[in-house]
Amino acid sequence: MCGLGLGLLLGISCNNSTPDSVKEAQKENSANTDSLEKKKSVTDSSTVVPTKQDADFMVKAASGGMLEVQLGKLAQSNAGKQGVKDFGAMMVQDHSKGGETLKSLAMGKHIVLPDSVSNDQKKERDNLLKMHWVEFYRSYITLMVKDHKDDIDEFEKAAKNANDPDIRSFAQNTVPMLRQHLDSARSLDKKIGRKLSGPKTAPPYQ
């Protein structure tokens, strides 16, 4: 049975048969971009419209940002270590702000964004919920290192290859923030790793 408090905080559903919001948004955008391309060919062929790849990037960016916010809130309440709590707070603040910018951009481009994270991301989040706080903060920071490496790759590709110039600009402007997050996550990962592998008399990591 889902915990009511955390369920309300993170939007967790006990029903595992719910549609995948990310896949639904991708399907809708695929139809929309096809329609826009046809309309463009009839009216003004010089008009730049987002491609399916542009829309897919926006959908993944929105879903990833929502996950960072949810896990950041979880870290603030479950981590047990101040450094990890502070990192979680940074995730909530920065990715919430980035999410608002993304929503505004998507609205102007007629791109549909998911209203929740993907089903796979929900499983990832729920697995962390089950962990004891020591296991949680170690797994959380390891995940943050991996996720931000992947995010930087995706955003750098979009900064170079997106068809829409506004989407390219958004991706380019977001990369420095993601690099800062990766540096912070790596620093925490090293500190936590040293403490866990060091002498038993070592003070707890803060």
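Me: What should I know about the model before we start?
Reply: It is a predicted model in which local features need pLDDT of at least 70 and side-chain atom pairs count only at pLDDT 80 or more, while totals for chains, interfaces and linings use all residues. Residues are numbered from 1 along each chain as its sequence is written, and side-chain values use heavy atoms, with hydrogens and water left out.

Me: How many aromatic pairs are there in the whole structure?
Reply: The search finds 4 aromatic pairs, where rings of Phe, Tyr and Trp (its six-membered ring) pair if their centres lie within 6.5 Å, and planes under 30 degrees apart count as stacked, over 60 as edge-to-face and the rest as tilted. One of them, Phe-136 with Tyr-140, is stacked, at 5.7 Å centre to centre and 5 degrees between the planes.

Me: And is Phe-136 buried or exposed?
Reply: Phe-136 is buried, with a relative accessible area of 1%, and Tyr-140 is buried at 0%; buried means under 20% relative accessible area, exposed over 50% and partly exposed in between (1.4 Å probe, protein chains only).

Me: Which residues form the aromatic cluster?
Reply: Phe-57, Phe-155 and Phe-170 form one aromatic cluster, and both Phe-155 and Phe-170 are buried.

Me: Changing topic, what does the side chain of Asp-164 join up with?
Reply: Asp-164, which is buried with a relative accessible area of 2%, has a side-chain polar contact of 3.1 Å with Lys-109. A polar contact is a pair of N or O atoms within 3.5 Å; within protein, one must be able to donate a hydrogen and the other to accept it, and residues adjacent in sequence count only if both atoms are side-chain atoms.
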